[in-house]
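Reader: Please present the structure, and then let us discuss how its parts meet.

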Amino acid sequence: MKGPVHVAGIGVIAAIGKTVEQCMHSFRQHTSGIGDITLFDSVHRGVLPVGEVKVSNEELADTLWLPKHTSRTALLAIQAAREAVAHAGIDLKKWRTGLISATTVGGMDRTEVFFPDFSKDHSKGKLHDVVNHECGRSTELMADDLGIRHFISTINTACSSSVNAIALGTRLINHGMLDIVVAGGTDALSKFTLNGFNSLMILDKEPCRPFDATRKGLNLGEGAGFVVIVSDRVLQQEKKKSLAVVSGYGNTNDAYHQTASSPEGRGSYSAMQKALEMSKLDVNAIDYINLHGTGTLNNDVSEGTAVKRFFGERLPKMSSTKAFTGHTLGASGGIEAVFSVLALTHQCVFPNLRFETAMPEVDIVPQQKFEETTVNHVMSNSFGFGGNCSSIIFSK
Amino acid sequence: MFISGTSIIRKQTVIHKGALAFENKSVSLDDFLTGAYNYLSPEYPKFYKMDRLAQLGFLATEFLLSDFSIKQYSPESVSLVLSNAHASMDTDVRYHESSKTSSSPALFVYTLPNIVSGEICIRHRIKGENTFFISPAFDAELLAAYVDQVMMQPSVHACIAGWIDVMDSHHDVFLYLVEKEQRGLALPHTAEELTKLYR
Amino acid sequence: MEQLMADLKKQIIEALNLKHLKPENIGDDQPLFGDGLGLDSIDALELIVLLQQSYKVKIDNPQDGPTIFRSVKSIAEYIRANQTA
């Protein structure tokens, strides 16, 4: 350890805003981003609500000066990463800089444009629609855009991917292998994920209600969230302000089921425990938890049980911001890391929209309104299919 | 940090610690996988429900740990670091085909590469840190450096790591076990050694 | 009913990849989940797809799964009761 690892810049695009500032405004106004599908064709249009970023690919490509066939996953990522890098205001080329991005769908949205023609006739379909299919491609496009050469990596551990990306970045800086890392995640909505989650029967036909007794499932969302994390030396030499420090993280495997969490939340409990151990903080020091809180019957009981067991009677303020953004899958950990940093910089906690009645299984009452309050330490949880459980702590 | 064992599945041939363990090149990949399962007969019917990536991971780990009890370590002290090039593409394509009639939930759950990690963890009661990298090709430098960092944590005693890739009939699996003490192959955990072993 | 249950056993083995089982290994009243056949939540979802595809019987709430899919017999009874001629 050579001093703490600092967050020097943040960037986000989600259903509630194209920038950090817009998202913050939506939180203050309690404005949810959940609504009908408008930007792509689907049999679920008008039936399943989603957290769509209300900007078309053409518009995104235009404002970013990128080719029109760029995948939505890459466009969202570049928008958020550019904001984070500009916010940090550090010339990345002067330092050993890495890029670690997480995604689960990759360029699926463009592949879905390619396939209908190609399936009918194998000589048809535009190849530039599929060259970006692989998960690693959006990371390469980002690296080109940001001019990052030193270290580029893509992580896919489902919905905990981007917390793991930030944890890996922190570790590489701690071990002196890199000075700066742009880390986070990105995922665009696609028919593939919508149909898939629908087949798992965990999508709510109403806007999702995390931790509420009447919850019926999640709403899928899309977006990207990135943080620029830097070593203590970079912060000093560049004379920048630390927005937050990464004080701990933990990752475990629930080892229970491919998609379901163990009812008692064993994996999430030990992820929180590992993160807290690394931070050397007292359990009562956590002021706010940004919950994974997808709104599925399984997750919220499992996570709630683990949180209750971990924090005991003195529960911190907590909320799931997925009622605003939808579940953005591989991007959720990155987007929620940005929100966690915002809680510290703006000294506030975010509401858990649409919560009314506590679950009968575990008595958790999340934060219900936007509130300005003292926040020194924030925990953010992200759990994924495959049993992958991650928890990260940001401190002032 | 030492490499105590390896297992390779390539061209429908399983190599455990450098020696031929199972082979059947005259059948389809699926039949080869079932054949290897029957050869080991671990009585784990869930195997039949797994996709090819998970079956390959299951089998490679089964061979890797065939002469060693991973349970001597606590579940939390064993980590898993996997990587590949095609993520879950092999199953993505099949799921896409199935979705033309009706989406199969059992196929959809395998459209993530780290489901194989979950299957290995469930089978061997592993609860430590899990990571899954997507790289264009086997990256010995990345694995050596990252696994070393994972292993440097006092609470971690062992790590199963490697490369596990499948697309159609092409498959390439190289898993290895790293421990803090010298045991088994007892090779140094370096990028050079990994490159040699992978070849 | 006998024929329906025999068909269901074959279809369940096929749909859920229960390659270690034969239809005669599954009892009409044997519990399918938990300690019985050891099926899980994903299997329940596949059974919902199976009933919809092969018998045009719809199950909207996955929470109903455990009751309907208790055994081959309970599935057959549900199909009989809900199939529109």
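Author: The count between domain 1 of chain A and domain 2 of chain A is two salt bridges, a salt bridge being a side-chain nitrogen of Lys or Arg within 4 Å of a carboxyl oxygen of Asp or Glu. This is a predicted model, in which local features need pLDDT of at least 70 and side-chain atom pairs count only at pLDDT 80 or more, while totals for chains, interfaces and linings use all residues. Residues are numbered from 1 along each chain as its sequence is written, chains are lettered from A and ligands numbered from 1 in the order in which they are written, and side-chain values use heavy atoms, with hydrogens and water left out.

Reader: Which residue forms a salt bridge with R28(A)?

Author: The closest N and O atoms of this pair are 3.2 Å apart. The partner of R28(A) is E372(A).

Reader: How many residue pairs are in polar contact between domain 1 of chain A and domain 2 of chain A?

Author: A polar contact is a pair of N or O atoms within 3.5 Å; within protein, one must be able to donate a hydrogen and the other to accept it, and residues adjacent in sequence count only if both atoms are side-chain atoms. With both residues at pLDDT 80 or more, the count between domain 1 of chain A and domain 2 of chain A is 26 residue pairs.

Reader: What area is buried between domain 1 of chain A and domain 2 of chain A?

Author: Buried area is the accessible area (1.4 Å probe) that two parts lose on being put together, summed over both. Carbon and sulfur atoms give 70% of the area between these domains. The total is about 4,800 Å².

Reader: Which residues in domain 1 of chain A lose the most area to domain 2 of chain A?

Author: Together they account for 19% of what that side buries. They are F27(A), F211(A) and R215(A).

Reader: How many residues does the contact take from chain C and from chain B?

Author: Contact means heavy atoms within 4.5 Å. The area buried between chain C and chain B is about 900 Å², with 62% given by carbon and sulfur atoms. The contact takes ten residues from chain B and, from chain C, twelve.

Reader: Which side chain meets D43(C) in a salt bridge?

Author: Across the interface of chain C and chain B the rule finds one salt bridge. For D43(C), the N to O distance is 2.8 Å, and the partner is K49(B).
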